[in-house]
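Student: I would like to work through a protein model with you. Shall we begin?

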Amino acid sequence: MTVPRSPADGKYPNRPPFFANKFVRMLLKTCAAQEIGPDGVTMLTFIVHTEDAAHYRRPVAFFNEQLAAICGMSVASMKRTREKCINGRWMGYVPGAKRRAAKYWVLVPDFAAGLDDHPTDDDEAGDIPAQAEPLSEPAEEIVAQKMAQSEPATVQKAAGKRATYIPEPVFIPKPLKGGGEVSAADCKIVVDSWNAVEGVTACRKLTDDRVRKLRTRLADSDWRDNWREALDRVSRSPFCIGGGDRGWRADFDWFIRPDTLTKILEGRFDDLRSSNIAAHRGLMAHATKHADSLDDELSLPHQKVKP
């Protein structure tokens, strides 16, 4: 698959003011959803507005499972959608690597480069006033209160300015209040992340038993907050990926046991071979030094024997 670069041979392109808004209107004007699908439009919209948040200084970076969760897709669906966007020349993409996120930025296809930014609707009468009546003070307070009660979100209010609703992305939602369960989509994110680790035994099917156990793990705040770190340590453990004497490889059922995550974070499965070798070398060096010192203490001065 040919990966399109930006016009400057891989360098991030210059963006005009308000580029994100203009780009989204271009997607509508060109009926891009018919070519790349609604998921493609969603993905491009998210990427371009993330570029805007970065002030158009650089491409934006995401891991596969991260971008899939944000767009509300599985990792496999995200990859298919990404390929459509790349083949349609709507997206610049530099693949990532192990523990390095991929880079993304949007592109403007040649056929759309000369389009204007005029409205695409058919309403020329302008029956609706250009500006709606402002809210009364009590109405503004009600809206602000409802924003503050929404989850997950934060409400920021600067001095003399209206409250601003800022949604917070949550990739692994917390359990619902009142004993609610974690969704199957949350479990799928963990499974896809596990299968992305090289060397472990892949999880081929998310059985009902595995879903039940995984939901129990995700309901624990400590497990939910640290499972990604545990996966990273598993990927760097030769013992967990077949490097031990018996060639054992970690599997998903082992990972979702109640005590596995704690053992991983405590270093039980870190590079044991390297640490044992280092300890052995240190012990041998100490023993050699002690032996030399003992030889010096036991050596006697040379004495001449009288005939």
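Student: What percentage of the 307 residues is buried?
Tutor: The model is predicted: local features need pLDDT of at least 70, side-chain atom pairs count only at pLDDT 80 or more, and totals for chains, interfaces and linings use all residues. Residues are numbered from 1 along each chain as its sequence is written, and side-chain values use heavy atoms, without hydrogens and water. Buried means under 20% relative accessible area, exposed over 50%, and partly exposed in between, with a 1.4 Å probe and protein chains only. Of the 307 residues, the buried share is 30%.

Student: How many helices and strands are there?
Tutor: Both are DSSP runs, numbered from the N terminus: helices are H or I with at least four residues, strands E with at least two. The count is 11 helices and five strands.

Student: Which class of aromatic pair do W90 and F111 form?
Tutor: Rings of Phe, Tyr and Trp (its six-membered ring) pair if their centres lie within 6.5 Å; planes under 30 degrees apart are stacked, over 60 edge-to-face, the rest tilted. The structure holds 14 such pairs. For W90 and F111, the centres are 6.1 Å apart and the planes 85 degrees apart, so the pair counts as edge-to-face.

Student: Where in the chain do W90 and F111 sit?
Tutor: They are 21 residues apart, and the pair links distant parts of the chain. W90 is in the loop between α4 (75–87) and β2 (91–94). F111 is in the loop between β3 (102–106) and α5 (137–149).

Student: Is F111 buried or exposed?
Tutor: W90 has 0% relative accessibility, so W90 is buried. F111 has a relative accessible area of 51%, so F111 is exposed.
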